[in-house]
Amino acid sequence: MNITVSHPGQHEDSFKPTVALSLIAALATAYLLNKRSRPQPPSPWVILPGIGHLLRFAKDPVDQLRVLRKQYGDVFKVYMGTMPVVFINGYDVVHEVLHVRGAEFSQRPQTFITDRLADHKGLLNTSGHVWTEQKLNIVKTLHKLTAAGGLLERYMETALNNLADNFNCLIQKGEGGQVDVAPVLKRSVCSISFAMAYGRQLDLDSDLLLSYTKMIEQLLG
């Protein structure tokens, strides 16, 4: 009986190029199959593994989107990490996608926010009959809130009275006839939205309303 003993390094040397070639072949096959299955929007060709095109949007994402639109047209694709995201621009394209062919694009994508944080709840994270049911419930609730004599009318009346009182105080404290009313207006609007969301109205000078207003300003940029 003949026994052949080989050096471990020989297997390692032959294993590395085999794995590399297999990986390249698998990626190339997946790419070709994806290309053949359906046409894809144009996309920047440099895609970093696991990162995609995220580095392009690190500083000024809005400006980068303008550059990509100028380069690739009204429809283009970028990779946010490993997730492909298609951007559409222009009235004609948006009208076709949302109105003319709305049924084809009504499904929400599977994301970390949808799966883990939102648990497939809310208008932004649901599709199909679940979305329809939630929309109907929201519309009915808004109709009740906005009806004559409803909660919204009372919230707005209270907010306007508080706003008038604050304006009078600002005018009395104003120097040289110049008064900055923007902060009071912002808090007044936020007091109404807070009351609509949480069922109670806050005083314009309350710490909770100040924090709430600051948070809304940060979210809206």
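User: Why are helix H6 and helix H7 called roughly antiparallel?

Analyst: In this predicted model, the axes of H6 (residues 151-173) and H7 (residues 182-198) come within 10 Å and cross at roughly 160°. Angles run from 0 to 180 degrees between N-to-C directions, along lines fitted to C-alpha atoms. Over 145 degrees counts as roughly antiparallel, so H6 is roughly antiparallel to H7. Helices here are DSSP runs (H or I, at least four residues), numbered from the N terminus.

User: What makes residues of H6 and H7 count as meeting?

Analyst: Contact means heavy atoms within 4.5 Å. Leu-152, Tyr-155 and Phe-167 are among the H6 residues that meet H7, whose side includes Val-184, Arg-187 and Met-196. The contact divides into 12 nonpolar, three polar and one charged.

User: Why is Ser-206 called buried?

Analyst: Its relative accessibility is 19%. Buried means under 20% relative accessible area, with a 1.4 Å probe and protein chains only. Ser-206 therefore counts as buried. Its place is in the loop between H7 and helix H8 (207-220).

User: How do you know that the side chains of Gln-64 and Arg-56 form a polar contact?

Analyst: They are joined at 3.4 Å. A polar contact is a pair of N or O atoms within 3.5 Å, one able to donate a hydrogen and the other to accept it. Gln-64 is found in helix H2 (residues 61-72).

User: How are residues numbered, and which pLDDT do local features need?

Analyst: Residues are numbered from 1 along each chain as its sequence is written. Local features need pLDDT of at least 70, side-chain atom pairs 80 or more, and side-chain values use heavy atoms, without hydrogens and water.

Key
Helices (H or I, at least four residues) and strands (E, at least two) are DSSP runs, numbered from the N terminus. Angles under 35 degrees count as roughly parallel, over 145 as roughly antiparallel, 65 to 115 as roughly perpendicular and the rest as oblique. Ala, Val, Leu, Ile, Met, Phe, Trp, Tyr, Cys and Pro count as nonpolar, Asp, Glu, Lys and Arg as charged, and the others, Gly among them, as polar. Buried means under 20% relative accessible area, exposed over 50%, partly exposed in between (1.4 Å probe, protein chains only).
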